[in-house]
Amino acid sequence: ISTYQKATKAEPENADGWAGLGNAYLGSGDLAAAERAFGKARAIDPSNATLQKGMEILNRARQGAQRN
């Protein structure tokens, strides 16, 4: 997470950095932080492939949490 945080501070307009941060948060289980990072990536480049895949994973994780 810290690597992506540094990357997004260095290049705040890089959608890949924000999407990577979102994926890192997903991996840690912090869905709210993942959504915030993905939101930043979406604002920069809504068609970013890393963002799209991360959002799919986030949505599946949220659906699974709602079922439990």
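## How H1 passes H2

H1 passes H2 in a left-handed crossing, meaning that the near helix is turned anticlockwise from the far one by less than a right angle. In this predicted model, local features need pLDDT of at least 70 and side-chain atom pairs pLDDT 80 or more, while totals for chains, interfaces and linings use all residues. Residues are numbered from 1 along each chain as its sequence is written, and side-chain values use heavy atoms, without hydrogens or water.

The axes of H1 and helix H2 (residues 15-28) come within 9 Å and cross at roughly 155 degrees; axes are lines fitted to C-alpha atoms over the stretch in contact, with angles from 0 to 180 degrees between N-to-C directions. The two helices are therefore roughly antiparallel (angles over 145 degrees). Helices here are DSSP runs (H or I, at least four residues), numbered from the N terminus.

## Threonine 8 at the contact

Tyr4, Gln5 and Thr8 of H1 make the contact, among others with Trp18 and Leu21 of H2; contact means heavy atoms within 4.5 Å. Threonine 8 belongs to helix H1 (residues 2-10). At 5% relative accessibility threonine 8 is buried (under 20% relative accessible area, 1.4 Å probe, protein chains only).

Glutamate 35 and arginine 62 form a salt bridge, their closest N and O atoms 2.9 Å apart (a side-chain nitrogen of Lys or Arg within 4 Å of a carboxyl oxygen of Asp or Glu). Glutamate 35 sits in helix H3 (residues 31-44) and arginine 62 in helix H4 (residues 49-67), so the pair ties together parts 27 residues apart in sequence.

Terms used: Buried < 20%, exposed > 50% of the residue type's maximum accessible area, 1.4 Å probe, protein only. Parallel < 35°, antiparallel > 145°, perpendicular 65-115°, else oblique.
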